[in-house]
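Dear colleague,

I am passing on the structure that we talked about, and I would be glad if you could look through it alongside the notes below.

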Amino acid sequence: MVFLHEFIALILVHIAAMIIPGPDFILVMHQTLSKGKRFGLFTSLGIACGLLMHISYTLLGVGLIISQSPMLFAIVEVLGGGYLLWICINLLRADQSQEWHQGKAQVAPQTAIQAFSRGFFCNLFNPKVSLFFLAIFTSIVDKTTPIEVQVVYGVVMVMLCILWFFTVTLMFSHQVIRDKYLGKRLLIERLVGGIIGCFSLKLLYSALQTAYPFIVN
């Protein structure tokens, strides 16, 4: 295969980046532990669809436009930071709206569409994902590589994303892990909320640097 070397390089970089815990991983873990395997799977599908959007507009050249427009990129960062901050606040105040009954948490109801949306927007509003795909496609994929071949690259990357987060979901849906989570739910939710909050503040600070570099420098 003519393009095998760049395909292997692309996939290896993608896998290495994907398995590093980030907002998507934290969200899938929490959704699975607090809501169950079904909602973890729908959240994973949402993340994969967000990834598909990033890859699609990167191939179309929109990612390059965003990276060349500091103000537009800052807006995307604000949207992403704001969304993650909203998730953070919900996690930190979750104990105020949840009750305990016979050792199990009675969590607020959630639909499959809501779980999917959480995963989708968490990934879509993360501009770092956009820059990542822009970087690897421009540095690894040759300009002469046909767009049809690049589309195949993108499809494989999305499928790997689904496989990885389905694996994460199945791992954290194990009853022993769930029981341990229920015993430490409040502590874990605050810890997860704090981690996501750090991602949020990092994005918002980055947006401030991008839009007003003279203020933070």
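This is a predicted model: local features need pLDDT of at least 70, side-chain atom pairs count only at pLDDT 80 or more; totals for chains, interfaces and linings use all residues.

Residues are numbered from 1 along each chain as its sequence is written, and side-chain values use heavy atoms, with hydrogens and water left out.

The core comes first. A nonpolar core is a set of buried (under 20% relative accessible area, 1.4 Å probe, protein chains only) Ala, Val, Leu, Ile, Met, Phe, Trp, Tyr and Cys residues joined through side-chain atoms within 4.5 Å. The largest one has 36 residues, and among those touching the most other members are Ile-55, Phe-133, Phe-137 and Met-157. Helix α8 gives the most to this core, with 9 residues; helices here are DSSP runs (H or I, at least four residues), numbered from the N terminus. Ile-55 is in contact (heavy atoms within 4.5 Å) with Phe-133, Phe-137, Gly-154, Met-157 and Val-158, leaving aside residues up to four places away in sequence.

Leu-124 lies in helix α6, which covers residues 112-124, and counts as buried because its relative accessibility is 18%. The C-alpha atoms of Leu-124 and His-54 are 7.0 Å apart, although 70 residues separate the two along the chain.

With best wishes

Note on methods:
Helices (H or I, at least four residues) and strands (E, at least two) are DSSP runs, numbered from the N terminus. Buried means under 20% relative accessible area, exposed over 50%, partly exposed in between (1.4 Å probe, protein chains only).
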